[in-house]
Amino acid sequence: MNPLRNRHRGSANSVLGRRHLNTTSHSEEHSGFTLIELLVVIAIIAILAGLILPALAGAKRRAATTQCLSQLRQFGLAGGLYANDHADFIPPNLDGENIPLGETWVQGWLGLPGPDCTNTLYLKQSLLAPYVQNTALWKCPSAQDVTLGPFRMPRVRTLSLNAFMGSSVRSPAAETYRRMSDLIQLSPTEALTFIEERPETINDGAFSLQWDFKESQPSGWMVRDKPGHLHNRSGNIAFGDGHVETHRWINLGVPSVPRNDFEAPNDPDVLWLQRHATWRAPEAIRN
Ligand SMILES: [Zn+2]
């Protein structure tokens, strides 16, 4: 045997051996993440989650607003169909508890969480039931369930009808509208009909505003029924021509407002609601 070849082979073996050892040691060094690498990965995931989660929440909120608008549009259309079938009359609308059906369009006193909050029977008996047959459309998708005794149950209604619409009350202080054709000074495109109410304060089927409201006396402005605010401090509203809008409240969109009537001097939301709910003769606005 050539000693040179042996030497060479021995040398080659030892080199290979070293390479093998080196390779093994190299892979052992990188067999897992180092702590720094792990922290970097976690930080990146946290940053991505921070970017994506608010976007997902925003998308979910917008989807709920769109669904709610679509539901309210059904009521805008239903009001028009009802008038078509009833000699142009707007559904009768009277505020108060225990008003007979026929004097008002939907019964049920929701008030503080009680059995009427979760009873779909009133909706099925409503004068608009022939035009809105799915009772799920009466509730804002963003409204939370209520606790009744040991049970958690879904609310069934979160909308009402502008109290100046379908009202039999006659007053020099403000116009009321029995027929769709009464909408002249207050045009159908700006006349508020169905409106989302705050789930925690909604009671009857009428959305009531201050009757003796005077634009020239902002110190005496009041809030009675409270509009819905569940869509990013905004609520959905249907108008006399059937179109729907999401309206953002400036002051009434806050998470909590007084449950009872309260004074709201110079409140722009009160002014907007009053101007879209009824028309007042100039002397009624001034005096
Ligand atoms: Zn809604």
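**Exercise 1.** Work out why methionine 165 counts as buried.

*Solution.* Start with the count: methionine 165 has 27 C-beta neighbours inside 10 Å, so it counts as buried. The rule is that a residue is buried if 20 or more other C-beta atoms lie within 10 Å of its own, exposed if 12 or fewer, and partly exposed in between, with C-beta atoms placed from the backbone. Before you go on, note that this is a predicted model, where local features need pLDDT of at least 70, side-chain atom pairs count only at pLDDT 80 or more, and totals for chains, interfaces and linings use all residues. Residue numbers start from 1 along each chain as its sequence is written.

Next, find the spot: methionine 165 sits in the loop between β3 and β4. Here helices (H or I, at least four residues) and strands (E, at least two) are DSSP runs, numbered from the N terminus.

Now look at who is around. Leaving out residues up to four places away in sequence, methionine 165 touches Ile90, Asn93, Tyr177 and Thr193; contact means C-beta atoms, placed from the backbone, within 7 Å. Take tyrosine 177: it's 12 residues from methionine 165 in sequence, yet 4.9 Å away in space, C-alpha to C-alpha.

**Exercise 2.** Find which strands the buried residues of α2 pack against.

*Solution.* Begin with the residues: the buried ones in α2 are Thr65, Cys68, Gln71, Leu72, Gln74, Phe75, Ala78, Gly79 and Tyr82. A handy rule is that an α-helix has 3.6 residues a turn, so residues three or four places apart point the same way. Finally, the partners: the buried residues of α2 pack against β3, β4, β7 and β8.

**Exercise 3.** Trace the order of the five strands in the open sheet and name its edge strands.

*Solution.* The order is β5-β3-β4-β7-β8, with mixed pairing. At the edges are β5 (206-207) and β8 (244-248), each pairing on one side only. Strands pair if DSSP finds at least two bridges between them. Zoom in on β7 (residues 234-239): five bridges join it to β8, and the two run antiparallel. For instance, asparagine 236 has threonine 246 in β8 as its bridge partner.

Definitions and conventions:
Contact = placed C-beta atoms within 7 Å.
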